[in-house]
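Here is a short briefing on one protein model. Keep the structure in view and find each part as you read.

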Amino acid sequence: MCIRIMITTNLTSAKTALDAHEIIAIPTETVYGLAGNAYEEIAVNQIFALKNRPLYNPLIVHIKSIEFLGQVAREIPPLAYQLAEAFWPGPLTLVLKKQAHIPDLVTAGKDTVAIRMPNHPLTLSLLQQIDYPLAAPSANPFGSISPTTAQHVATYFNEKLAVILDGGTCEKGIESTIIGFEDENPVLYRLGSLSIEEIEAQIGPLLKHNHTSTQDPIAPGMLARHYAPKTTTYLTEDVNELIQNFSSQKIGLLLFQHSIQSATIAHEEVLSSTGNFNEAAHNLYAAMHRLDRLNLDLIIAEKLPDIGLGKTMNDKLERATKKVE
Ligand code: TXA
Ligand code: MG
């Protein structure tokens, strides 16, 4: 048991902890991950326990190079290589048939494994120094907002982690886009920080399923409610109208581009004053973390234009605002 958390940029302490089957937090360009040796069930078990994550929800395996793909996956479709060449290292996860030595715990018993090569210099150096891949879900308790800074991770897990590798604020700020293959055809499993448009420009049209059920055998992690602040959150196209409905309450606003300077608002976050999707995505989770710490009665989030990363952010916000049925 570790009693002291270490927020550090020191790769040696990160490697030492991982070699001892401990769990550390790693920075990636998307969000921070809770990482352990993907080949060791002892380590993988701890990841699920720390996150309080149900065992039916499989993890992403992080690898150091495209060449390493064959170590973890088999029967890799040519299109998967094409995508990897185009977007790795980067915010794209590929779901492929797994090699037999990937523990069932990592893949929730499925015959497929989710794989990505992250684009962060510290984590890539770490991966170069170890001879095993890293299983890593986002470093948040199950269902809550993903972390985009080392401090977010420390707030969630405090002394429960051996090491938090501090790689600064995550550049993209939203999880990777997940693509699987059905009969060698690419299928979108999760919207993420690589837009559908960018992927389709490379490989043509993607199949799109609406995976929102815990029972879904294909994409078991696509829960309807996810990424959720503790504060009740509403998503709307007409922020002003909703403000009227809750006039006597302490309201926080999550706005895309334009400030609504209103005296009745306790706090507002504007994601990108120039209307830039990349900047908005980079700021989204940090803004949600800040709003959630203010003891507001409610948060009103503004729906973004439904294209490119706007579509991804709307998807995250819809999951954050869905009421438990
Ligand atoms: O950007 C990211 O992807 C971050 C960073 C840390 O890499 N990781 C991340 O992991 O978002 P996590 O565990 O929060 O989300 C992984 C998603 C889950 O929805 C899970 O169900 C899905 O990947 N997944 C994993 N293995 C799968 C498989 N074999 N088939 C279908 N979906 C899978
Ligand atoms: Mg997650």
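Helix α4 crosses helix α8 in a right-handed sense. The model is a predicted one. The points below start with this helix pair, then turn to a sheet and to one residue.

**The α4 and α8 pair**
- Helix α4 covers residues 78-87, and helix α8 covers residues 196-203.
- The two helices pack at an angle of about 120 degrees. Their axes are 10 Å apart.
- On the α4 side, the contact is made by Leu79, Gln82, Leu83, Ala86 and Phe87.
- On the α8 side, Glu198, Ile199, Gln202 and Ile203 take part.
- Sorted by class, the contact of α4 with α8 holds six nonpolar, two polar and one charged residues.

**The four-stranded sheet**
- Four strands make up an open sheet. Read across, the order is β13-β16-β14-β15.
- The strands pair in the parallel sense.
- Why is one side of β13 and of β15 left without a neighbour in the sheet? Both strands, β13 (233-236) and β15 (265-270), stand at the edges, and each has a single partner strand.
- From one strand to the next, the twist averages 20 degrees.
- Strand β16 spans residues 298-302. Four bridges join β16 to β13, and this pairing is parallel.
- Look for tyrosine 234: its bridge partner in β16 is isoleucine 300.

**Helices on the sheet**
- Helix α10 (residues 277-292) packs on the sheet. Helix α10 touches β14 (251-255), β15 and β16.
- The direction of α10 makes about 175 degrees with that of β14.
- Helix α11 (residues 308-321) lies across β13, β14 and β16. Helix α11 runs at about 140 degrees to β13.

**Isoleucine 47**
- Isoleucine 47 sits in helix α2, which covers residues 41-51.
- Is isoleucine 47 buried or exposed? Its relative accessible area is 0%, so isoleucine 47 is buried. The cut-off for buried is under 20%.
- Which residues does isoleucine 47 contact, leaving aside its neighbours within four places in sequence? They are Ile23, Leu34, Ala35, Gly36, Leu59, Ala135 and Pro137.
- Now locate lysine 250. Isoleucine 47 and lysine 250 are 203 residues apart in sequence. In space, they are 37 Å apart, C-alpha to C-alpha.

Definitions and conventions:
Residues are numbered from 1 along each chain as its sequence is written. Chains are lettered from A and ligands numbered from 1 in the order in which they are written. This is a predicted model: local features need pLDDT of at least 70, side-chain atom pairs count only at pLDDT 80 or more; totals for chains, interfaces and linings use all residues. Side-chain values use heavy atoms; hydrogens and water are left out. Two strands pair if DSSP finds at least two bridges between them. Axes are lines fitted to C-alpha atoms, for helices over the stretch in contact, and angles run from 0 to 180 degrees between N-to-C directions. Contact means heavy atoms within 4.5 Å. A crossing is left-handed if the near helix is turned anticlockwise from the far one by less than a right angle, and right-handed if clockwise. Ala, Val, Leu, Ile, Met, Phe, Trp, Tyr, Cys and Pro count as nonpolar, Asp, Glu, Lys and Arg as charged, and the others, Gly among them, as polar. Buried means under 20% relative accessible area, exposed over 50%, partly exposed in between (1.4 Å probe, protein chains only).
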